[in-house]
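Start with the architecture, then go to the details.

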Amino acid sequence: MPLYIAREAPKLWRKICTEASAEVSLLSENWKFLLAGLVFQYVHGLAAHGVHYLHRPGPTLQDAGFFLIPEIGQGKAYMSESIFNFIFFSFILWTFHPFFFQSKRIYTVLIWCRVLAYLVGCQILRIITFYATQLPGPNYHCREGSKYARLPPPESALEVILINFPTGMLYGCGDLIFSSHMIFTLVFVLTYQKFGTRRCIKQLAWLFAIIQSLLIIASRKHYTVDIVVAWYTVNLLVFFVDKKFPELPDRSSASTSPPLLPLSTKDKDSKNKEEHNKILNGNSVDVTY
């Protein structure tokens, strides 16, 4: 086994370098899209922190989900966060699988361009919505009597710009309609639904999304309307973006076997010849986003 690893490790390293070369080329063409999407994540966080200054605690609104789903208590609020973190980091790892696996359908740079487009569209709608109407937060730290329920006016612009990190990220109030956690979850699940290859993982991802929705309501982090609006808004926006943007190139036709390590030299030459013939026939794929 050590001999096998020592022999195959250089092949895996060459595979990573080859993939990195292709991704760097795509990154040089699409870095502005990625940078804009990442900067908007900060803008979204800034907007969510800003609405906290407008939040006024009050009686929890009547909610069908609160009536149907028992409250699990503040001590078990971590359950929905655990599922969210699992989905979040699993998706990130999946987007980088082309660096290691022969079987792949996506380019990492292009998939993140598309994902960030989904996220930014949803977050723009979310910012408009929670600034339009501020509801009394149902979460424990947003209720009357909690020191986080009301924020005093900021003492400096720096306090706002830094989003009072990390307290402002953990104990936000007022940014309710619609759930940011469900935006990320549904965007990731829908992306894997379209570009993933494992049917069982797709089914499991949807199950996790449903469980997370129920746990968010059970832990009283959001009203039911925040979850319901997220479900149909994210799905509709992803559908709209996919109609407007060009289809991403599908790499699965060039690699149908699932081994971890690169192809042998013979197979690689055969593959290169096949790709060369496609180019001569005018079937090459434009990978520019």
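**From fold to salt bridges**

The protein has 10 helices and zero strands. Along the sequence the pattern reads α-α-α-α-α-α-α-α-α-α. Keep in mind that this is a predicted model.

Begin with the chain as a whole. It has 289 residues, and buried ones make up 43% of them. Among contacts with a separation of 6 or more, 86% are between residues 24 or more positions apart. The protein exposes about 16300 Å². Carbon and sulfur atoms supply 67% of that area.

Helix H3 covers residues 78-95, and helix H4 covers residues 108-132. Their axes lie 9 Å apart, at an angle of about 140°. Angles over 145 degrees would count as roughly antiparallel. H3 and H4 are therefore oblique to each other. Which residues meet where H3 and H4 pack? From H3 come Phe-91, Ile-92, Trp-94 and Thr-95. From H4 come Thr-108, Ile-111, Trp-112 and Val-115.

Which helix gives the most to the nonpolar patch? That is H1, with six residues. Helix H1 spans 2-52, and helix H5 spans 157-161. Each of these two helices supplies at least two residues of the patch. Leu-162 sits in the loop between H5 and helix H6 (167-170). Is Leu-162 buried or exposed? Its relative accessibility is 51%, so Leu-162 counts as exposed. The cut-off for exposed is over 50%.

The charged side chains come last. Side chains of opposite charge can pair when their charged atoms come close. Here the count comes to six salt bridges. One of them joins the side chains of Arg-114 and Asp-242, at 3.0 Å from N to O. This pair links distant parts of the chain. Arg-114 is in helix H4, Asp-242 is in helix H9 (residues 224-244), and 128 residues separate them. Both Arg-114 and Asp-242 are buried. For Asp-242 the relative accessibility is 15%, and buried means under 20%.

Asp-242 has another partner. Its side chain also meets that of Lys-194 in a salt bridge, at 3.6 Å from N to O. Lys-194 lies in helix H7 (residues 180-195) and Asp-242 in helix H9, so this pair ties together parts 48 residues apart in sequence. How accessible is Lys-194, and what class does that give? Its relative accessible area is 27%, so Lys-194 is partly exposed.

Lys-194 leads on to Glu-247. The side chains of Glu-247 and Lys-194 meet in a salt bridge, at 3.3 Å from N to O. Glu-247 lies in the loop between H9 and helix H10 (265-280), and Lys-194 in helix H7, so the pair ties together parts 53 residues apart in sequence. At 55% relative accessibility, Glu-247 counts as exposed.

Salt bridges that share partners join Arg-114, Lys-194, Asp-242 and Glu-247 into one network. Follow it residue by residue. Arg-114 and Asp-242 are buried. Lys-194 is partly exposed, and Glu-247 is exposed.

Terms used:
Residues numbered from 1 in each chain as written. Predicted model: local features only at pLDDT ≥ 70, side-chain atom pairs only at ≥ 80, totals over all residues. Heavy atoms only, no water. Helix = DSSP H or I, 4+ residues; strand = E, 2+ residues; numbered from the N terminus. Buried < 20%, exposed > 50% of the residue type's maximum accessible area, 1.4 Å probe, protein only. Axes fitted to C-alpha atoms, helices over the stretch in contact; angles between N-to-C directions. Parallel < 35°, antiparallel > 145°, perpendicular 65-115°, else oblique. Contact = heavy atoms within 4.5 Å. Areas by Shrake-Rupley, 256 points an atom, 1.4 Å probe, with all protein chains shown as cover. Salt bridge = Lys/Arg side-chain N within 4 Å of Asp/Glu carboxyl O.
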